[in-house]
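The following note concerns a predicted model.

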Amino acid sequence: MMDEKIKNESGLPRETHELAGLTSRLLAYVIDMFMVVVLVLLVFFVLALVGGDDSASISQAIALAVSIGYHWYFWTRRDGQTPGKFALRIRVVKADGTPLGDTDAVIRAIGYNVSSFVFGLGYIWAIFDKNNQTWHDKLARTYVVRKDNQRQTVDV
């Protein structure tokens, strides 16, 4: 259980959230990566129609931009839930319980690459972390929590 000791930045009463399990996080990740791959393939298809063979030289940059854009949009404009997280009833919040801002989302999305860099060690880290945090969670100061088990608390 993640329990914040201070009020969030907005001064509103803090919320207590149940941390998402590793299985639900993994399944949400698989769903989201499938969606990202489909989007990347669509972008590549359109670029191949428009630009011919020249677009192949920038394919990695395009794939990274699509992935970052996908995650940024859902984390900041859809209550911290990508389609995969929505399906598993989990979401991403900042360490103080507030929603992610634009910068937070971009840092976390780029952090996916950091977590993947050394044989996925950044993801494996969550198995041993008491708060189930991956390296990208730590970089962006975020938690993945269950959406359906929220209760508000107030300091008395």
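**Pocket and salt bridges**

1. The largest pocket has a volume of about 280 Å³. Helix H1 (22-51), helix H4 (102-117) and helix H5 (121-128) are the elements that each give two or more residues to its lining. H1 gives the most, with five residues.

2. The lining of the largest pocket comprises 15 residues, and Leu-22, Arg-25, Leu-26, Tyr-123 and Thr-134 lie nearest the centre. By class, 10 of the lining residues are nonpolar, two are polar and three are charged.

3. Eight salt bridges are present in the structure. In one of them, the side chains of Glu-18 and Arg-146 meet at 3.8 Å, N to O. Glu-18 belongs to strand S1 and Arg-146 to strand S3 (residues 142-152), so this pair ties together parts that are 128 residues apart in sequence. Glu-18 is partly exposed, at 30% relative accessible area, and Arg-146 is partly exposed at 27%.

4. Asp-137 and Arg-25 form a salt bridge at 2.7 Å, N to O. The pair links helix H6 (residues 135-140), where Asp-137 lies, to helix H1, where Arg-25 lies. Asp-137 is buried at 0% relative accessibility, and Arg-25 is buried at 12%.

5. A further salt bridge, at 2.4 Å (N to O), pairs the side chains of Lys-147 and Asp-79. Lys-147 lies in strand S3 and Asp-79 in the loop between helix H2 (59-77) and helix H3 (83-87), so the pair ties together parts 68 residues apart in sequence. Salt bridges with shared partners also join Arg-25, Arg-108 and Asp-137 into one network.

How values were computed. Residues are numbered from 1 along each chain as its sequence is written. This is a predicted model: local features need pLDDT of at least 70, side-chain atom pairs count only at pLDDT 80 or more; totals for chains, interfaces and linings use all residues. Side-chain values use heavy atoms; hydrogens and water are left out. On a 1 Å grid over the protein atoms alone, a cavity is a set of points where a 1.4 Å probe fits but cannot get out, and a pocket is an open set with protein on both sides within 12 Å along at least five of seven lines; lining residues have an atom within 4 Å of a point. Grid points are joined across faces, edges and corners, and a volume is the space filled by probe spheres set on the points. Helices (H or I, at least four residues) and strands (E, at least two) are DSSP runs, numbered from the N terminus. Ala, Val, Leu, Ile, Met, Phe, Trp, Tyr, Cys and Pro count as nonpolar, Asp, Glu, Lys and Arg as charged, and the others, Gly among them, as polar. A salt bridge is a side-chain nitrogen of Lys or Arg within 4 Å of a carboxyl oxygen of Asp or Glu. Buried means under 20% relative accessible area, exposed over 50%, partly exposed in between (1.4 Å probe, protein chains only).
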